[in-house]
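Me: Please take a close look at one part of this structure with me, the pairing of charged side chains. I would like to see where the partners sit and how exposed they are.

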Amino acid sequence: QWILPATTVLDPVFLLEPKEWIELGKKAEIKLKKPYLLLYTFQTDDDIYDLARTIAKKSGLDIVAICYGKDERLNDILQLTECGPKDFISLFYNASFVCTSSFHGMAFSIIFEKDFYCMGHPLYSQRNKDLLELIGMEERMFFKNSEIETINKCDYFYASEKIKSEKEKAINFLRTAIDC
């Protein structure tokens, strides 16, 4: 039986510099003029929608949702059902705040240093939880709306340094793996 050591590295979306993602997002077709809270979620209950509405109201933001289909629960929200990769990047980059349950929604919020909250799924949140613990932002995940007592801004001081060092580790690992 073979036992090989495993190395955990950052998701590949972190290997590009934010400015490289921004360049891609400049080619987006969807352009929004008013400040907005971006909602990107799936497999969640209404708590994330309630939180998004609360934050948007307190912050004077419109809410824009990236959806895979129209959702009756979101009739008061602009629902974008046709959103390609360039639009996806642009929507995250230009958002004033993000509410998500998606790993990549959370990742792009972090890449662009956005204020965000990530709703955890009871069964599928380990990857999100691991990343938040790695960068010292565990408080950005919630499972019930009632867990958030005050809406705080994200502190990226430690997180950005940690991502930088983890990115170097990942690139070095990949180079070594390719050279072998």
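**Salt bridges up close**

Reply: Asp46 and Arg73 form a salt bridge, with their closest N and O atoms 2.9 Å apart. A salt bridge here is a side-chain nitrogen of Lys or Arg within 4 Å of a carboxyl oxygen of Asp or Glu. Please keep in mind that this is a predicted model: local features need pLDDT of at least 70 and side-chain atom pairs count only at pLDDT 80 or more, while totals for chains, interfaces and linings use all residues. Residues are numbered from 1 along each chain as its sequence is written, and side-chain values use heavy atoms, with hydrogens and water left out.

Asp46 lies in the loop between strand S1 (36-40) and helix H2 (47-59), and Arg73 in the loop between strand S2 (62-66) and strand S3 (78-80), so this pair ties together parts that are 27 residues apart in sequence. Helices (H or I, at least four residues) and strands (E, at least two) are DSSP runs, numbered from the N terminus.

Now for exposure: buried means under 20% relative accessible area, exposed over 50%, and partly exposed in between, with a 1.4 Å probe and protein chains only. Asp46 is partly exposed at 37%, and Arg73 is partly exposed at 38%. Arg73 also meets the side chain of Asp71 in a salt bridge, at 3.0 Å from N to O. Asp71 counts as buried, with a relative accessibility of 18%. Through shared partners, salt bridges join Asp46, Asp71 and Arg73 into one network.

There is another pair to visit: Lys167 forms a salt bridge with Glu17, and their closest N and O atoms are 2.3 Å apart. Lys167 lies in helix H6 (residues 157-179) and Glu17 in the segment before helix H1 (18-25), so the pair ties together parts that are 150 residues apart in sequence. Lys167 counts as buried, at 12% relative accessibility, whereas Glu17 is partly exposed, with a relative accessible area of 36%.

By the salt-bridge rule, the count comes to eleven.
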